[in-house]
Structures are given as C-alpha cells and as structure tokens.
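Reader: Before I rely on any label for this model, I would like to see each one set against its criterion. Could we go through them in turn?

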Amino acid sequence: MVTYNVNLNHKVVLVTGAAGFVGANLVKRLLNEFESVKVVGMDSITDYYDVRLKYERLEEVSTYGERFVFVKDNIADKQAIEDIFTTYAPQVVVNLAAQAGVRYSIDHPDVYIESNLIGFYNILEACRHHPVEHLVYASSSSVYGDEPNLPKKEGREGNLLSPYALTKRCDEEWAKQYTKHYGLDTYGMRYFNVFGPRQDPKSAYAAAVPIFIA
C-alpha cells in the first residue's frame, strides 16, 4: 500500500500530455486511488508517433465518466491554458506535455521551442496567476549532457548535446525562477532512458526518475 504525502481527494488535477504513455497511466492511477479526485487531461495529439495509440489510451480513461475531462489543445496556446485554469481551477498541475526526441530536435528545433519553451512558460504563468498547490513537470536525463560519471547528480551537468536538452534545461531554470520570485511549489522529474550508448553496454543505466525541487 502506497502512503501518499498529498491527499488529492476533492481536488482537481490537470495532467498535460494525458494521451501519452506516462500521462494516461498517471490519469488512471489518480482516478483509481483517489475516489473524489477530478482529472482534467490535455493533449494536442500530435503525430510524432501513431496517434491510434493515443486515442486508445483516451478511450480507456473515458470509462471514468465525469471524473475525467479531456481537452484537445496545445499548451503553446496561451488562451487555451487560461481557459482551462479559469474553468476548472486545478489545485495540482502535472505537466508532461512536451516534444521529445534528441535526434528529431536537431532537424526540427522550432517544434521544441513551441512546446517545451513557450508551452511550459504558459503553464508557469497560469500557475502563477491562478495559484496552485503543486506543479510537477517532466524534465529529462538529457540535461546531464556529456557528463560521464555515474550515478548522475544534480549540479554536475555537462555540455548539452541537443536542442531538446537545451529546452529541458531552460525549463528547469524557469521553474527555479518561479519558485524564487513567486513561491510556486515546483517538482522536476528527470526521466532516464533505459538504454545507454549501444557501443558501450556498461554505460546503460536503469530506468529511473530522480526528483529534485526547483
């Protein structure tokens, strides 16, 4: 039995990226374990990978009835974010929406600017002007750059190796500023890839989600 530090009963939780693998499973976990929580899921359903997977996940969570509300829109749309916060007044926000992919970012940096920078800024501003209790957001192990040492450690990051990594590092710094200046309670999760460089099996690290407080 999991002991939670936060009781989400009778609260509204906004989960962006709700049609993704992590987002959809988080939504189901919240609805299963908190009887009176209401979850607002947001996703733009991009075709970065097969959208059929995303719609299948949404179909699963739609069975929870009125406890789950889905909004198809982009976090880069400031008005769409404002409308969600005005309509549903979430107390907790989990921002998982982002453009992922290291190699893809080298050829399509504009997509990362829109989603990972402008989109995340919109989330931060909404949390600032519609005060929330907690903001949890997804970062990436890519922010460690070329730092070779294991285990990885916050404050010991190397040179960034991709536009994707740059946007995620910027997100972390933005979150720190909003904590410092506006008192926003932010938690960043650096998702690790389960595979390391293929030519060096010893460098592969286990799947993990280290959490730091911005």
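Author: From the N terminus on, the protein chain runs β-α-β-α-β-α-β-α-α-β-α-β-β, which comes to 6 helices and 7 strands; helices (H or I, at least four residues) and strands (E, at least two) are DSSP runs, numbered from the N terminus. The model is a predicted one, in which local features need pLDDT of at least 70 and side-chain atom pairs count only at pLDDT 80 or more, while totals for chains, interfaces and linings use all residues. Residues are numbered from 1 along each chain as its sequence is written, and side-chain values use heavy atoms, with hydrogens and water left out.

Reader: What makes E60 and K28 a salt bridge?

Author: The term requires a side-chain nitrogen of Lys or Arg within 4 Å of a carboxyl oxygen of Asp or Glu. The closest N and O atoms of E60 and K28 are 2.8 Å apart, so the pair meets the rule. Because E60 belongs to helix α2 (residues 51-61) and K28 to helix α1 (residues 21-33), the bridge ties together parts that are 32 residues apart in sequence.

Reader: Why do E60 and K28 count as partly exposed?

Author: Buried means under 20% relative accessible area and exposed means over 50%, with partly exposed in between (1.4 Å probe, protein chains only). E60 has 43% relative accessibility and K28 has 21%, so both values fall in the partly exposed range.

Reader: Which other pairs form salt bridges, and how far apart are their closest N and O atoms?

Author: Among them is R29 with E33, whose closest N and O atoms are 2.3 Å apart; these two residues both lie in helix α1, 4 residues apart, which is about one turn of the helix. R29, at 41% relative accessibility, counts as partly exposed, and so does E33, at 35%. Another is D50 with R52, where the distance between the closest N and O atoms is 2.7 Å. Here D50 is partly exposed at 33% relative accessibility, whereas R52, with a relative accessible area of 58%, is exposed. By this rule the count comes to 6 salt bridges.

Reader: What describes the packing of helix α3 and helix α5, and which residues make the contact?

Author: Helix α3 (residues 78-88) and helix α5 (residues 109-129) pack at an angle of about 35°, with their axes 10 Å apart; the axes are lines fitted to C-alpha atoms, for helices over the stretch in contact, and angles run from 0 to 180 degrees between N-to-C directions. The contact, meaning heavy atoms within 4.5 Å, is made by K78, I81 and F85 of α3 and by Y121, N122, I123, E125, A126 and C127 of α5.

Reader: Where is D73 found, and which residues does D73 touch?

Author: D73 is found in the loop between β3 (68-72) and α3, and, not counting residues up to four places away in sequence, D73 touches M42, D43, S44 and A80. Its relative accessibility of 30% makes D73 partly exposed. D73 and T16 are 57 residues apart in sequence and 9.6 Å apart in space, C-alpha to C-alpha.

Reader: What share of the protein chain counts as buried?

Author: Of its 214 residues, 42% count as buried.
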